[in-house]
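Dear colleague,

Please find the structure below, handed over for your study. The notes after it set out what was found.

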Protein chains: 2
Amino acid sequence: MSNDVPTKADRTGRRGPTIRDVARLADVSIGTASKALNANGRLRPETRDKVRRVAQEIGYRPNDMAQSLHRTRSMTVGIISTDSFGRFTLPIFQALEEQFADQGIAVFMCNATDDPARERQHLDQLLGKRIDGLVVTARRSDKRPAIGPLANNIPIVYVFSQADDPDALSLLPDDEGGASLATRHLLDLGRRRIAHITGPERFEAVQLRHRGYDLALRDAGIAPHPGDYLAGSWSEEWGRDAVARLFDGKAETPDGLFCGNDQIARGAADALRERGIDVPGRVAIVGFDNWEVLATAARPPLSSIDMNLSALGREAGERLLAMIGGARETGVRRLPCTLVIRNSSSPQGTAK
Amino acid sequence: MSNDVPTKADRTGRRGPTIRDVARLADVSIGTASKALNANGRLRPETRDKVRRVAQEIGYRPNDMAQSLHRTRSMTVGIISTDSFGRFTLPIFQALEEQFADQGIAVFMCNATDDPARERQHLDQLLGKRIDGLVVTARRSDKRPAIGPLANNIPIVYVFSQADDPDALSLLPDDEGGASLATRHLLDLGRRRIAHITGPERFEAVQLRHRGYDLALRDAGIAPHPGDYLAGSWSEEWGRDAVARLFDGKAETPDGLFCGNDQIARGAADALRERGIDVPGRVAIVGFDNWEVLATAARPPLSSIDMNLSALGREAGERLLAMIGGARETGVRRLPCTLVIRNSSSPQGTAK
C-alpha cells in the first residue's frame with residue numbers, strides 16, 4: 001500500500017505521513033486513528049491493531065508523542081478498595097493521593113466492600129471516566145482474583161493486596177522480614193525463650209510472620225519451644241488468654257514475646273502487669289503494625305514492627321506513574337518493615 | 001425587546017422562545033447561553049445574570065430542564081478532607097461514596113492536610129474536572145473559614161466541619177444532645193453523683209458536651225458537684241489521672257462517669273479496676289464516639305455515645321444531591337446521637 005502514501009522524503013519534500021494518512025489507509029475516522037495511537041477511548045482490539053499496523057507500515061510518527069500522550073490522558077486515576085477503608089488502607093491511600101496530587105492527577109476513590117458486583121460496577125464507572133490507571137488495595141494482603149485486562153489496557157497496581165496473576169504487579173509489606181527483625185531484636189536483648197502469639201492461621205501474613213520468627217531463632221541456634229507458637233485471634237483478649245496459657249502454673253516461662261499485632265501485644269502486656277511480671281524487665285514484648293494510638297497508650301508503650309504503609313503507597317504511586325508512562329512491571333514486590341522501639345523492649349529497661 | 005421575540009402563541013403557533021432566541025437577545029453564543037442556564041462551565045457573573053434575565057423576560061423554558069441538567073452534569077463530586085483522613089472522616093466518607101455510587105456519581109477524594117494552599121490547589125483541580133458538587137469534611141467539628149462562592153456556584157456541604165458563613169450548610173452531630181443522653185442514662189441507673197471527664201476545652205465539642213451534661217443534671221434537680229468536671233486531654237492516661245483525682249483519698253466519690261471520649265473512658269475503667277472498684281457495680285461509665293475496636297476491648301466493654309457518622313454522611317450526600325438538583329440549603333443542622341449500652345453501664349450489672 002506504500003505506493004499511495006507520502007514518505008519522509010515525499011514528492012513535495014514537505015512532510016512525512018500524517019494521522020490523516022493513517023486514518024485513510026486503515027479505513028477509519030481521524031478520531032478513531034487518534035484513539036488507537038494514543039491508547040485512549042474505547043475501541044475494538046481489531047480496530048486498534050489495524051490502525052497501529054498501518055501507522056508502523058507507513059512510518060507514521062506523531063510530532064511529539066510525549067506531548068500527545070499527555071494531552072490525551074484524563075489526568076485521573078482510580079483507587080478501589082476491595083473492602084472497607086480502614087487503618088491499613090488509609091496511610092496507603094493518603095500517600096497515593098498526595099503523590100498523584102503533586103502530579104496534577106485527581107483521584108477517584110471507590111469502595112467495593114468485598115462485593116464483586118460492586119467492584120465491577122465501580123470499574124465500569126471508572127473506565128467511563130477514562131482513568132489513566134488503577135490502584136487496587138485491600139484490608140489484608142491475601143491473594144484475590146486479578147481484575148482481568150481492562151479496556152484500553154489501563155495499568156493496574158495491587159497494593160496491600162495480591163492478585164492471583166503472575167503478570168500483575170503486587171506491592172506488599174515484607175511480613176517475614178518484619179517478623180525476623182522483631183525476633184532478632186529480642187535476641188539482641190539477651191532473650192532466649194521467645195514465644196510468638198499471633199492471629200488466625202488462614203492469613204498469609206500469619207504464616208509468613210511465623211516463618212520469619214522461626215528462621216531468626218534457628219539462625220541464632222535456638223530451636224523454637226513446642227507450645228511457644230500460639231495462633232488465635234487478632235484481639236487483646238487473645239493476648240491475655242495466651243499469657244495465661246504460657247505463664248500460669250508453669251515452672252519455665254518465656255522471657256520475650258513477639259506478638260502478631262499490637263492488640264495481642266497490648267493484651268499480653270496487661271496480663272503480665274496484672275500477674276506482677278515486669279515488662280520489659282522479665283519479659284520484653286514486640287508487637288506488629290505500629291498502630292500508634294494503641295501502642296503508645298499501652299503500659300508500657302509497645303515496641304512494634306511498622307509496615308511502612310505510607311512508603312508502600314508512595315511506591316505504588318511511582319510504579320503506576322511509570323506504567324502509565326509505558327513501563328511494564330509485574331510480579332510480587334515486598335517492601336521492608338522497620339522496628340519502632342518503645343518501653344516494652346527498651347534496652348535500658350531490660351538491662352540487668 | 002419583546003417585540004422581536006416569539007411568544008408562546010407566536011405567529012407560526014409552532015413554538016415558544018428557544019435558547020437561540022435567548023442567545024441572540026443576550027448577545028452571546030448559544031454555548032454561553034446554555035452554560036449560563038445550566039449553571040455549567042465558567043462564566044463571568046455579569047454574563048450569567050444577563051442571560052438569565054433575558055431568559056426570564058422572554059419566558060424561555062427548556063424542553064426538559066431536568067434532562068438538560070443531567071446531560072450537562074459531569075457526574076462527579078469532590079470530597080475534601082481538611083485534615084488527615086481518620087476514624088471520624090472514614091465512616092462519613094464511606095457513606096457518601098456509597099450513596100453517590102448508587103447515583104452513578106464518581107467521587108474525587110482530596111486530602112488538604114490542614115494546609116490552605118493545598119486546599120486551594122485541590123479546589124482548582126476539582127473545578128477543572130467540572131465537579132457537580134463538593135463535600136468538605138474534617139477531623140473535628142470546629143468552625144473553619146468558608147470556601148468562598150466557587151466558579152459555577154457549585155453547591156458545597158460541610159460535614160463534621162462547620163463553615164463560618166451563615167449561608168453555608170453544615171451538618172454536625174448533636175454533641176449537646178448526646179451528652180444529655182449519656183447523663184440521663186446514668187441517672188436512670190440510679191446514679192446521683194456523676195462526674196464528667198473530658199478533653200481540651202478549646203474544642204467546641206467539649207463545651208457542648210459539658211453543657212449537655214450540665215443540663216441533664218439540672219433537669220433531674222441535681223446541682224453538679226464542683227470538681228466533678230475535669231477537662232484534660234483525649235487520652236487513656238488522662239482517664240487514669242482523673243480517676244486518681246476523683247477517688248484517691250476521697251471520702252465521697254462519684255457513682256457515675258460520663259467521659260468525653262472512649263479513650264478517656266477506657267483509662268478510667270482500667271484505673272477503677274486497678275483500685276478494686278467494681279464497674280458498673282459501684283461506678284457506671286459511659287464514653288463517647290463508640291469507637292468499637294477500643295470500646296469492646298475494654299474491661300468491661302464500654303457503653304458509649306455513637307455520633308452516627310454514617311447517617312451524617314448519608315444525610316450530607318442527600319443534601320448535596322438536592323442542592324445539585326437546584327435546592328438551596330443553609331445553616332447548621334445537628335443530627336441526633338444514640339446510646340450504645342455495653343457492660344460498663346448495663347442495668348443488670350448495676351442493679352442492687
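A residue counts as buried if 20 or more other C-beta atoms lie within 10 Å of its own, as exposed if 12 or fewer do, and as partly exposed in between. Please keep in mind throughout that this is a predicted model.

Although A:Met75 is not a glycine, it has a positive phi of about 60°.

A second residue of this kind is A:Asn290, a residue other than glycine with a positive phi near 50°. Its place is in the loop between β11 and α11 (292–297) of chain A. Is A:Asn290 buried or exposed? With 22 other C-beta atoms within 10 Å, A:Asn290 is buried.

As background, most residues other than glycine have a negative phi, and most peptide bonds are trans. In chain A, a cis peptide bond joins A:Val279 and A:Pro280, with omega about 10°. A:Pro280 is found in the loop between α10 (262–274) and β11 of chain A. In chain B, the peptide bond from B:Arg299 to B:Pro300 is cis, and its omega is near -5°. B:Pro300 has its place in the loop between α11 (292–297) and β12 (303–306) of chain B.

**Helix α8 of chain A and its surroundings**

Helix α8 of chain A covers residues 204–219. The buried residues of α8(A) are A:Ala205, A:Val206, A:Leu208, A:Arg209, A:His210, A:Gly212, A:Tyr213, A:Ala216 and A:Leu217. These buried residues pack against α7 (175–188), β8 (194–198), β9 (229–231), β10 (256–259) and β11 (284–288) of chain A. Just after α8(A), A:Gly221 takes a positive phi of about 75°.

In chain A, helix α5 (residues 89–102) and helix α12 (residues 309–324) pack at an angle of about 40°, with their axes 7 Å apart. α5(A) and α12(A) are therefore oblique to each other, and their crossing is right-handed. The contact includes A:Pro91, A:Ile92, A:Phe93 and A:Phe100 of α5(A), together with A:Leu309, A:Leu312, A:Gly313 and A:Arg314 of α12(A). By class, the residues of the contact of α5(A) with α12(A) are 9 nonpolar, 5 polar and 1 charged.

In chain B, helix α1 (residues 19–26) and helix α3 (residues 45–57) pack at an angle of about 125°, with their axes 9 Å apart. α1(B) and α3(B) are therefore oblique to each other, and α1(B) passes α3(B) in a right-handed crossing. The contact is made by B:Val22, B:Leu25 and B:Ala26 of α1(B) and by B:Lys50, B:Val51, B:Val54 and B:Ala55 of α3(B). These residues divide into 6 nonpolar, no polar and 1 charged.

**The contact between the chains**

How many residues does each chain bring to the contact? Chain A provides 21 residues and chain B provides 21 residues. On the side of chain A that touches chain B, α5, β2 (106–111) and α6 (116–128) each supply at least two residues. β2(A) gives the most to this side, with 6 residues. By class, the side of chain A that touches chain B has 9 nonpolar, 8 polar and 4 charged residues.

With kind regards

Conventions
Residues numbered from 1 in each chain as written. Chains lettered and ligands numbered in written order. Predicted model: local features only at pLDDT ≥ 70, side-chain atom pairs only at ≥ 80, totals over all residues. Axes fitted to C-alpha atoms, helices over the stretch in contact; angles between N-to-C directions. Helix = DSSP H or I, 4+ residues; strand = E, 2+ residues; numbered from the N terminus. Parallel < 35°, antiparallel > 145°, perpendicular 65-115°, else oblique. Left-handed = near helix turned anticlockwise from the far one by under 90°. Contact = placed C-beta atoms within 7 Å. Nonpolar A, V, L, I, M, F, W, Y, C, P; charged D, E, K, R; others polar. Expected span 1.5 Å × (residues − 1).
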